[in-house]
Amino acid sequence: MDRIPILRIGPFLLVTIQVDMHDQLAMVLQDELTARIVRDSARGVLIDISSLDIVDSFIGRMLSNIAGMARVLDAETVVVGMQPSVAITLVELGLSLPGIRTALNVDRGMELLQKSLESEGATAGEQNG
Amino acid sequence: MRKTRLADIIEKYESSLLSDWVDIQTKALGRAGGRITDSALRDNSHDFVQALRLSLSTASTDDLQAPAWAGLRDILANLSRQRAVMGFSPAETATFVFSFKSALFKRLREAYPDDAETLAEETWLATDLLDRLGLFTTEVYQKSREDVIIRQQQEMLELSTPVVELWPGILALPLIGTLDSARTQVVMQNLLEALVAKSADLAIVDITGVPTVDTLVAQHLLKTVSAARLMGAECIISGIRPQIAQTIIHLGVDLAGVITKANLADAFRLALRKKSLVVTKA
């Protein structure tokens, strides 16, 4: 069975979705990802969907779910590399994925996570000091 | 089947018919005559008369779609297309065929001075035939004009959606003209593809050149902004004129969540600040 690899880069996890998603695969991904966030105490999750040509409401909901789960586990989710045609389709479908942060590519996504981690560290430092 | 002797009459009086007809046309065209040379007009007329005679001698006038009429149809279609491009009005184009009536009827009267019944019958056949040919020219004329309009629309579509890079990572999209669904689609696509190509994460959509903003246009703008956001880029809408600001509020369009600025300079300043860039005097 297909499995979606989860790579660790520093304090973040990188998930690259390259195959067609279906229920079973989404469940497995959610299981593994939440387990990895806890195990690696990851602070951020990057989901790269640059090789997906078709995104439907199902994947939209799955992305929202993952973002929600990660937030509960204190990790921020950034969806990166959405294709223009996919973005147009999602907007036409009325799915603007509220609550999900987005970035153009993995680099930008990483910067975004790094920045929010730093600002969090700064506020935490102020509170402690 | 109605058999007509029109072909014989045309053959018999061909040269005088032709010269009469060309005179009538020249007179009818008047000042518009400058657009076409006398020799071209004469050639056109000659071709038409030849083809008409040929078709009449081989086929009945009942069905103009029959293969026997193909030659004449081609001549008329070419003529209409040429004249549409040369800027003739539809009336002037159709006059080419209709003016043939008066020349032809004159010859008919000469051919049947005593036979009123045949004259009436032939006149009716001729007028029916020429009317249909005239309508055919108008149809082709209309069609070629529509082709011109469609081509111009496409050209405008291509011309009107440039995406320019103001700074590395900052794109601007100056919109000019009314936004409809088809154009928004092209605009959106161009902008999103440019965002990827230049790996820019800020885009300024300037609507100074958009004459009116109604709910539909606002909807299109919001869609573009959301699509850009999904790809991880931020959009600023600039160039909102006072009138348009009033319209947007009266229409109850919700632009919350979209950054709007009154002019492009303000939007650019904001974009630079977002990238932590400062412009200073040298």
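How many helices and strands are there in chain B? Chain B has ten helices and five strands, where helices (H or I, at least four residues) and strands (E, at least two) are DSSP runs numbered from the N terminus.

The views come from a predicted model, in which local features need pLDDT of at least 70, side-chain atom pairs count only at pLDDT 80 or more, and totals for chains, interfaces and linings use all residues. Residues are numbered from 1 along each chain as its sequence is written, and chains are lettered from A and ligands numbered from 1 in the order in which they are written.

**View 1. Chain B as a whole.** Of the 282 residues in chain B, 31% are buried (20 or more other C-beta atoms within 10 Å of the residue's own, with C-beta atoms placed from the backbone). Among the contacts in chain B with a separation of 6 or more, 76% join residues 24 or more positions apart; two residues are in contact if their C-beta atoms, placed from the backbone, lie within 7 Å.

**View 2. The side of chain B that touches chain A.** Chain B brings 16 residues to the contact and chain A brings 14 residues. Helix H7 (181-197) and helix H8 (215-230) of chain B each supply at least two residues of this side. H7(B) gives the most, with six residues. By class, the side of chain B has eight nonpolar, four polar and four charged residues (Ala, Val, Leu, Ile, Met, Phe, Trp, Tyr, Cys and Pro count as nonpolar, Asp, Glu, Lys and Arg as charged, and the others, Gly among them, as polar).

**View 3. Helices H2 and H5 of chain B.** The axes of H2(B) (residues 14-29) and H5(B) (residues 90-111) come within 9 Å and cross at roughly 140°; axes are lines fitted to C-alpha atoms over the stretch in contact, and angles run from 0 to 180 degrees between N-to-C directions.

**View 4. Ile47 of chain A.** Ile47(A) lies in strand S3 (residues 44-48) of chain A. Ile47(A) is buried, with 26 other C-beta atoms within 10 Å. Not counting residues up to four places away in sequence, Ile47(A) touches Val15(A), Ile17(A), Leu63(A), Ile66(A), Thr77(A), Val79(A) and Val80(A).

Key:
A residue is buried if 20 or more other C-beta atoms lie within 10 Å of its own, exposed if 12 or fewer, and partly exposed in between; C-beta atoms are placed from the backbone.
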